[in-house]
Amino acid sequence: MCRLPAEWEPQSAVLLTWPHEGTDWAPQLEAVETVYAEICFHVATAAAEKLLIVCRNTEHRLHVRRRLRQVGVPEDAVIFAIADSNDSWARDHGPLICIQGPRLRVVDFRFNGWGRRFPAGLDDRITRTLFEQGVFGDASLLSSELVLEGGAIETDGRGTLLATRSSLLSNTRNPGLTQTELEHDLRRLLGIKRFLWLDHGKISGDDTDGHIDTLARFCNSNCICHVTCEDPEHPDYDALKRMGRQLKGFSGPNGDPYRLVSLPSPGPRFD
């Protein structure tokens, strides 16, 4: 039986798909690369973790290496991999890593650009390409035809999954798939035992059909933080209120209600 760990558990590296002129960041690429380099510096120094950086080709890898050297990222902290990409959202197109006994299992779901909103053919191949390059060590690979993004699911590391029906059961991802069939697949692929489904909470401007990672997250196995809104004029006021009421009805594996921590919505921002 495998187990999908929670995000606060120990990890060996942080995966980044580096932006380039073919991504959505192109108009502001210099500024965005500066931020990426700063992220890498803090991961490598403050967090003392490895960085697994996906570059589109060998020339791009030389460029990224220079950027990291300029900000003082130690070279031995970086593992480079080569795979072309449509964009940089590694959380959604990257692998999910499960623990299966003494070994790790790389689960490679399909990625179709958040329900075919954006080109994603290159991103969809990244996990398998990285596996073939040996960057996951002796981990095994399990490929699935299920369309699922990493940001669409949240787990407590003990077999409970928190997600929205709107993203995992959208017709643009897995048409015709029932909730029962989806739960069967997630039990088999990720070792999920309990499902907490949200029906409310979509945020304005969201291209993901309601990814859980913008709505509610486990802080630990008995605590959930979630977005709230107290402004009745806010376009998301009603949806977030309904989501909060639904979260209050959820309970943990022991039957106790979760401790809920509210976080204020930043409100809409326009450019």
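I begin with Ala48, which is found in the loop between helix 1 and strand 2 (50–55); helices (H or I, at least four residues) and strands (E, at least two) are DSSP runs, numbered from the N terminus. This is a predicted model, in which local features need pLDDT of at least 70 and side-chain atom pairs count only at pLDDT 80 or more, while totals for chains, interfaces and linings use all residues. Residues are numbered from 1 along each chain as its sequence is written, and side-chain values use heavy atoms, with hydrogens and water left out.

Although Ala48 is not a glycine, it has a positive phi of about 55°. Ala48 is exposed, with a relative accessible area of 62%; buried means under 20%, exposed over 50%, and partly exposed in between, with a 1.4 Å probe and protein chains only.

Trp114 is not a glycine either, and it has a positive phi of about 55°. Trp114 is found in helix 4 (residues 113–116) and, at 8% relative accessibility, counts as buried.

Let me turn to the aromatic rings. How many aromatic pairs does the structure hold? There are six aromatic pairs. Rings of Phe, Tyr and Trp (its six-membered ring) pair if their centres lie within 6.5 Å; planes under 30 degrees apart count as stacked, over 60 as edge-to-face and the rest as tilted.

One of the pairs is formed by Trp18 and Tyr36: their ring centres are 5.4 Å apart and their planes stand at 65°, so the pair is edge-to-face. Trp18 lies in the loop between strand 1 (13–17) and helix 1 (29–45), and Tyr36 in helix 1, so the pair ties together parts that are 18 residues apart in sequence. Both Trp18 and Tyr36 are buried.

Trp114 and Phe118 also form an edge-to-face pair, with 5.9 Å centre to centre and 80° between the planes. Phe118 is partly exposed, at a relative accessible area of 33%. Ring pairs link Phe111, Trp114 and Phe118 into a cluster.

Finally, the chain as a whole. The protein chain has nine helices and 12 strands. Of its 271 residues, 47% count as buried. Its C-alpha atoms fill a box of roughly 50 × 45 × 40 Å, taken along the principal axes. Among contacts (heavy atoms within 4.5 Å) between residues at least 6 apart in sequence, 72% join residues at least 24 apart.
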